[in-house]
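This report describes the strand arrangement, the charged side-chain pairs and a surface patch of the protein shown below.

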Amino acid sequence: MNKVTTDARSIRIKGRSFLAVVLSPDLPLDAWLIRLDDLAARSAGFFFGRPAVLDVADLKLDRTQLKELVDELTRRNVSIMGIEGARPSAIAPGMPPALKGGRPASDFEVTTSDPADAATATDAAPEAGAVRAEEPRPALQSLVIREPVRSGQSVVFTEGDVTVVGSVASGAEIIAGGSIHIYGALRGRAMAGAVGNATARIFCRKLEAELVAIDGVYKMAEDMAPGLRGQPVQLWLEDDAIMAEKLK
């Protein structure tokens with residue numbers, strides 16, 4: 001009788017969390033999709049290569065309606081990595097998985113070996129619904145970038161403020177959990193308060209932005225007062241609207 005031996009090697013399974021855009025549609029969906037198309041058209045590449053979570057907790061969608069919504073987003077090249085807030089019966093086979101329990105702020109670390117290419121990544125529990133004990137780590141409050149941020153670069157820092165000692169080029173973006181300070185021209189995109197901080201502000205020495213956003217409320221360049229273009233400006237959120245004024 002021949003004895004067969006097998007090489008029993010373990011399978012390596014790792015968990016990892018990534019920063020994703022959260023889309024929270026409102027009714028009517030046709031009107032919301034029109035606004036989404038407007039954002040994509042006026043800020044080219046905003047959704048390109050960017051993972052997104054679809055939050056439908058405030059909507060009562062059945063399986064057919066949810067699938068149609070996901071299909072509409074797919075046609076717009078919006079990559080839905082998961083669905084949050086949907087009833088289990090609404091998630092059909094082949095659709096993005098159900099997600100819950102996202103922790104957008106505390107689960108990110110910043111790699112700063114090259115400050116202009118800062119990215120966020122961290123290990124997470126591999127099993128769905130598992131509770132992971134967090135290792136205490138020093139609270140990070142600010143990230144200072146001492147060089148211009150070039151076109152195509154994305155700086156993400158969810159733990160606090162971002163300060164750029166230079167300019168932010170067109171096609172670049174800064175995403176901060178707190179406020180954003182730019183000691184040069186802001187020509188790209190700046191998104192402050194990205195993890196739910198409505199008190200965050202954006203400051204820049206020269207406003208030429210493609211898009212600014214605070215706590216998910218955005219404003220495009222053509223929506224800003226012409227007199228602010230090229231001026232030192234601060235922006236803040238007030239009653240779900242972005243306000244702006246010249247710095248003295």
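## Sheets and salt bridges

Strands (E, at least two residues) and helices (H or I, at least four residues) are DSSP runs numbered from the N terminus, and two strands count as paired if DSSP finds at least two bridges between them. Strand 15 pairs with strand 14 (residues 211–214) in the antiparallel sense over four bridges. Valine 217 in strand 15 stands opposite isoleucine 214.

Residues are numbered from 1 along each chain as its sequence is written, and side-chain values use heavy atoms, with hydrogens and water left out. Because the model is predicted, local features need pLDDT of at least 70 and side-chain atom pairs count only at pLDDT 80 or more, while totals for chains, interfaces and linings use all residues.

An open sheet of four strands has the order 1-2-3-4 with parallel pairing. Its edge strands, strand 1 (21–23) and strand 4 (98–99), each pair on one side only. Strand 2 (residues 51–55) and strand 3 (residues 79–84) are joined in the parallel sense by five bridges, and alanine 52 stands opposite isoleucine 80 in strand 3. Helix 2 lies across strand 1, strand 2 and strand 3, and runs at about 155° to strand 2. Contact here means heavy atoms within 4.5 Å.

Side chains of opposite charge can pair when their charged atoms come close. A search of the whole structure finds nine salt bridges, a salt bridge being a side-chain nitrogen of Lys or Arg within 4 Å of a carboxyl oxygen of Asp or Glu. The table lists some of them.

| aspartate 26 | arginine 35 | 2.9 Å |

Where do aspartate 71 and lysine 67 lie? The two are four residues apart in helix 2 (residues 63–75), and therefore separated by about one helical turn. Aspartate 71 is partly exposed at 29% relative accessibility, and lysine 67 is partly exposed at 39%. Buried means under 20% relative accessible area and exposed over 50%, with partly exposed in between (1.4 Å probe, protein chains only). Aspartate 26 is partly exposed at 33%, as is arginine 35 at 40%. Lysine 206 is likewise partly exposed, with a relative accessible area of 33%. A network of salt bridges links Asp37, Glu72, Arg75 and Arg76.

On the surface, Val144, Val165 and Tyr183 form a nonpolar patch with about 260 Å² of accessible area together. Patches are made of residues with over 30% relative accessible area and no salt bridge, like charges being joined within 9 Å and nonpolar side chains (Val, Leu, Ile, Met, Phe, Trp, Tyr) within 5 Å. Accessible areas come from the Shrake-Rupley method with a 1.4 Å probe; for residues, only the protein chains shown count as cover. Valine 165 lies in the loop between strand 9 (161–164) and strand 10 (173–176), and valine 165 is partly exposed at 45% relative accessibility.

Technical notes
Axes fitted to C-alpha atoms, helices over the stretch in contact; angles between N-to-C directions.
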